[in-house]
Amino acid sequence: MKEQNIKPPRFVDQLFDWYCGNAPIEDLRGDMEELFYTNLGKMSVARAKLKYLQQALSLFFYAIKKRKQKSAYHQYSQQSINLSMLKNYLIIAFRNLIGHKAYTLINVLGLAIGMASCIMLALYIQSELSYDKDFADAESIHKLILERKYPDKTQILAGVPHSFASVLAKDYQVVERATTICGPFDDMIISYKGSDQSNLNYLENDVYAADSNFFKIFSFKILKGDRSTMLQHPKSMVLTESTAKRHFGDEDAFGKLITMSGNVFTVTGICEDPPTNTHFKFGLVISIHTIERFNLDNFNRPDSYCYLKLRAGANSIALESMFPKMVDSYAAADFERVNKTSWLDYKKAGNGYTYFLRPLRSIYLDPDDIGGMKPSGNIILVRIHIGIAILIFAIACINFINLATARSHERAKEVGVRKVLGSFKRQLVFQFLNESFIVSFIGVGLATILIIVSLPYFNLLTDKNLQLVFNLQTALVLAVIIIVLSLLAGLYPSFVLSSFKPVNVLKGNFTATPRGKWIRSGLVVFQFWISISLVICTLIMQQQTTFLSQKDLGYDREELLVIEGNFHMRPSFTRSLVNEINRLPQVLSSAGSLSMPSMNGIYPQQYQSEDSPEIRSTHTMYIGDEFAETMGFKLLDGKQFSVATNDSLSVILNESAVKTFGLSNPIGKKITFLEQTYGSGERTTFTIIGVIKDFHYRTLHEAVNPLVIQSNEIIFSRMSYIVAKVKPGAYKEAISNIESKWKELAPDMPLRLRMVDGVLEAHYQKEKRTSRIFTLFSSLSIFVALIGLFGLSAYTASLRTKEIGIRKVFGAGIVDVFFLLTSGFTRTVLISFLLAAPISWYLMETWWLRGFAFRIQISIWTILGVGIAALAIALVTVTYQSVKAGITNPIRSLRNE
Amino acid sequence: MKGYIGEFEELVLLTIASLGEDAYGVSIQENIEKISNRSISIGALHSTITRLEEKGLIKSWLGEPTQERGGRRKRFFEITHQGKLSLHHVKDLRDALWKLSKANLSLAK
């Protein structure tokens, strides 16, 4: 040992210690060091060091072997965990939890609320992602989708012409089965004989027509009937369980006779209700062969949904590549027969039918809304919810980390004593992890209770039926959550706490390191950044939804009733009904129409104005006399349709249409209508008699497009909707009077009467729901963050007790102490706000508001308001502690020196 | 066969025996290197020592900490009775085979 200052390389020691783990190596290290110093005498320092490394590496397998042996064989081996120590850790942990009740409460409450939010969001996300996954062979089922090309636009359609299903099954080997399902037919009147042999009539919605392959492809449970044949024959009908129950109660519905649209159907099967997590929604399915037009070829007019089941291992992309040829060979002849124009010319003009497949499992979340039966989900929204869940999780974890490190000085002495008594760092880490595990366990337990209590309300909010099912899987997931949570939240604090130097700690000059303070402030900034962003987003969402529900639609929706029904083929009935309603004292005016804004009956048609040769596709409404007046459309020029005149060849345009057709002086000008729907190509020339102000005839997601209003007199004054303007406050009487009039005139038909306001509200349900979910979780996130802040402020104040005492002795007042303690937090919240404002502004601009044709401008005051509110709430939270510190008598804080 | 020991194990056992009270890692290694004139790594040595210890042929204890070696204790080794038996067994086997040898094993020509 000639040169004491030359030491074996440190990294080798560290490496050696690392792979030796808990193996007993004291003697080995000694041996190695002795050899090293012996070698120093024989060779160069570098060689000796190399030799040292060689020696260390040569012991690798030996060490690995020794690591595994913890048992009695080597009694000198150091075990980091054993039962009695574990017991001690548990005791200390519980003492700590019980001894600091406020701290424990903050921790557990924060974790519980955070975890409950996370798990509820997870349940919601899981339910959104679970659509259509439970069908047998779901992965081999695809839906046929049509991309319809027009010269000026393309449109994705969920529906396709019905004949392709049979063609696909016949011509392509890889297609095992194909099915056609058509619908929904709403407001169908069904009648059957009641138990007293009287005829009962009911209105039935969600009626579909399908072929016999439907139930062979989709594995809905069949409660009664033969799956493969129950829809085979015309006039057979399958009811869902709940439909059967609704009509027949406990009686067996199987084999009953039901009349609908002039056909007598036999109930040949009863199936389960389509589960909520499928994109299907039907109550009654009839055999599609009952409807005559489905027995004829149709390759051009989309009229039904088509699903394919491919054979195992089939490639859907390869199949798709054969579709263009299929369209050419089948659709062309059909098209030319109907439209009397060449298929090739039609395609050359930029029109086309492109078919493709979408997997069943992706239908619900598809952005193109290709499900057709239910409102679709939104994949972006699902991702955002996942993001929120993770962020709330993070906020809850940060609370734990911050509180644990902030109060480290309380545990420092304990750590020092444990170290002096021979505790290893690993053991201390384990001890503190153990504590975080206990807190997580209690937190998650409490979260589970919170979820059970609040899930019914959450279901109301989300319009779902979420449940926390207790089974092995849930238990495992919860266990994993607890472990992950205790590691995420506990790892950093336990390393901080266990790394204290016992000499410093026990001497008493232990101070919280500035680094720890920085990390804590950083984490608090992160928490508030997230919560403030969420709150800003939520407020903007709420403003937008309020804006939508209060936006002037261009017509008067207050006190407006609408009757809808399947009565368009009975003009004399509707005319007399309108007259009767008009005569009611509570009704200001009433009129009928084939089209209803925001509801239905508005289709694109082709027009050509006399001023320009261009043919334009323009939305068209068919309204009755006085409908415009009842709705409150504002006439800008010319006149409305009226009872006194025959308006069958007159049209009214909206402002946008006047602009698009380039008409400078529209009244009296001619506009030509080109019939396309039935392919006759017939031309009708109309005279423009009026111009009305633009009104929103679709939802507010869309801009107002050009609109041509024709009179329903051109189609025999038919009506599908009857609206009635009611005197203010006379809703109730008006409704009951209309009901009794209806019973007089149509005793066999159920009445469907709604308030237009309610109909409009329903269009923005999705946005409202999103906004409500956001409101809930942003409030929860900021609440959790505040809980953390409260705890943190308490400990900051307690750390500075003496300082405050001295300051007070020298004359500081409550206000000084208040500023002293709050300035740090104020800065933190301000920084978070500065980070949050641009991010949330950007998110709302690019993601949320872009989806609306009519939207609010984000106000700087909204954002600033949130900032000020956040600061105020944060200050209130820390004020309690600051004031408490401020009014404490300095004698109390200084006496124990 | 129980108690069978390999050549290197035998070497280590005999070295431990020859070192008496001073048999610990470094001294064993140095002695083997000196006597057998071959270089061995500490890893190989300790693998063998562990094996011998598991077989119950040697036993070990930790010495007192000294100022040398950074205060780290040495682990000393000692042959157990079982170890002695094994050594005897090997030696007996060799002697018997020497005696039975029909070839002249004498190096003298």
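**Exercise 1.** How many residues of chain B are in contact with chain A, and how many of chain A with chain B?

*Solution.* Keep in mind that this is a predicted model.
- Start with the count: 16 residues of chain B are in contact with 19 residues of chain A.
- Next, look for the elements of chain B behind this side: α2 (25–36) and α3 (42–55) each supply at least two of its residues.
- The largest share, six residues, comes from α3(B).
- Finally, sort the residues on this side of chain B by type: four are nonpolar, seven polar and five charged.

**Exercise 2.** Work out which residues of α2(A) are buried and what covers them.

*Solution.*
- First, find the helix: α2 of chain A runs over residues 26–42 and has 17 residues. From its first C-alpha to its last it reaches 25 Å, close to the 24 Å expected at 1.5 Å a residue.
- Now go through its buried residues, which include D27(A), L28(A), L35(A), F36(A) and L40(A).
- Then see what lies over them: the cover includes α3 (45–58) of chain A. From chain B, it includes α2, α3, β1 (58–62) and β2 (75–79).

**Exercise 3.** Describe how α1(B) and α2(B) are arranged and which residues meet.

*Solution.*
- Two packed helices are described by the angle between their axes and the distance between the axes.
- Here the axes of α1 (residues 7–19) of chain B and α2(B) come within 10 Å and cross at roughly 110°.
- Angles of 65 to 115 degrees count as roughly perpendicular, so α1(B) and α2(B) are roughly perpendicular to each other.
- On the α1(B) side, the residues that meet α2(B) include L11(B), T15(B) and L19(B); on the α2(B) side, I28(B) and I32(B) are among them.
- By type, the residues of this contact are six nonpolar, five polar and no charged.

Key. Residues are numbered from 1 along each chain as its sequence is written. Chains are lettered from A and ligands numbered from 1 in the order in which they are written. This is a predicted model: local features need pLDDT of at least 70, side-chain atom pairs count only at pLDDT 80 or more; totals for chains, interfaces and linings use all residues. Two residues are in contact if their C-beta atoms, placed from the backbone, lie within 7 Å. Helices (H or I, at least four residues) and strands (E, at least two) are DSSP runs, numbered from the N terminus. Ala, Val, Leu, Ile, Met, Phe, Trp, Tyr, Cys and Pro count as nonpolar, Asp, Glu, Lys and Arg as charged, and the others, Gly among them, as polar. The expected span of a helix is 1.5 Å times one less than its number of residues. A residue is buried if 20 or more other C-beta atoms lie within 10 Å of its own, exposed if 12 or fewer, and partly exposed in between; C-beta atoms are placed from the backbone. Axes are lines fitted to C-alpha atoms, for helices over the stretch in contact, and angles run from 0 to 180 degrees between N-to-C directions. Angles under 35 degrees count as roughly parallel, over 145 as roughly antiparallel, 65 to 115 as roughly perpendicular and the rest as oblique.
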